[in-house]
Amino acid sequence: AWVEALCRGGKGEYEPAFALIEELLSTAKRMGEFFYLARGQNTLGWIYGELQDHLQAMTWNMQGVETAQEANFAIPECESNARLNLGDNLLALGKLDGAEEQFQKVEQVVRNPRSQDHYMLWRYSQHFFHSYGELWLARGNIDKALAYTDECLALARQSNSQKNIVKGCRLRAQVFLAQCELEDAQQ
């Protein structure tokens with residue numbers, strides 16, 4: 001149900017995704033299954049973020065962080081994804097300090113992973129580098145924005161992650177626009 005909800009959400013089929021996640025959350029709570037409870041909460045947060053309902057998204061993403069922390073998972077993937085989504089919500093709402101706090105917590109894992117931290121690290125690292133690059137651009141720090149963008153693109157190209165290649169290229173163009181380098185931005 002969770003994988004299907006992710007696929008449907010990614011395709012913009014939000015109503016079926018919501019129905020699948022609601023059923024998943026109900027089952028996970030009934031069974032005391034925290035791994036998919038945290039994933040379901042985070043997925044709802046992601047979908048509401050896609051719909052630009054950042055307040056509702058924050059509620060679900062915070063629940064995802066809390067559930068992952070309470071379950072004390074051996075791997076940080078669930079908590080990191082929820083923190084990244086929460087950071088994206090805060091950034092969209094102009095709460096840059098709060099967003100940075102979330103991104104910094106994920107950066108600790110990304111920059112210094114333990115052996116057990118490598119599960120899906122390749123994927124959420126791309127999200128991290130893009131989002132933190134957006135934050136640095138919002139703060140006007142062009143050099144840091146470009147450095148994080150480059151890290152996002154390097155990982156995304158290495159794994160052929162088209163979505164994150166596009167996000168990285170778009171952010172790079174935004175950085176060039178901020179520098180009034182129109183030709184580079186267009187490329």
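Is Arg8 buried, partly exposed or exposed, and what is its relative accessible area? Arg8 is partly exposed, with a relative accessible area of 27%; here buried means under 20%, exposed over 50% and partly exposed in between, for a 1.4 Å probe and protein chains only.

This is a predicted model, in which local features need pLDDT of at least 70 and side-chain atom pairs count only at pLDDT 80 or more, while totals for chains, interfaces and linings use all residues. Residues are numbered from 1 along each chain as its sequence is written, and side-chain values use heavy atoms, with hydrogens and water left out.

**First stop: Arg8 and its partners**

Select Glu4 together with Arg8. Their side chains meet in a salt bridge, at 2.9 Å from N to O; the term denotes a side-chain nitrogen of Lys or Arg within 4 Å of a carboxyl oxygen of Asp or Glu. Both residues belong to helix H1 (residues 2-10), where they stand 4 residues apart, about one turn of the helix. Helices (H or I, at least four residues) are DSSP runs, numbered from the N terminus. Glu4 is partly exposed, at 37% relative accessible area.

Glu13 is partly exposed, with a relative accessible area of 27%.

**Second stop: Arg114 and Asp117**

Move to Arg114, which forms a salt bridge with Asp117; the closest N and O atoms are 2.7 Å apart. Arg114 is partly exposed at 44% relative accessibility, whereas Asp117 is buried at 3%. Returning to the previous stop, salt bridges that share partners join Glu4, Arg8, Lys11 and Glu13 into one network. The model has 12 salt bridges by this rule.

Select Trp46, Asn85, His127, Lys163 and Lys167, which lie nearest the centre of the largest pocket among its 35 lining residues. Then colour the elements that each give two or more residues to the lining: H1, helix H3 (34-50), helix H4 (54-71), helix H5 (77-92), helix H7 (121-138) and helix H9 (162-178).

A pocket is an open set of points on a 1 Å grid over the protein atoms alone, where a 1.4 Å probe fits, with protein on both sides within 12 Å along at least five of seven lines; lining residues have an atom within 4 Å of a point. The largest pocket holds about 1100 Å³ of space.

Definitions and conventions: Grid points are joined across faces, edges and corners, and a volume is the space filled by probe spheres set on the points.
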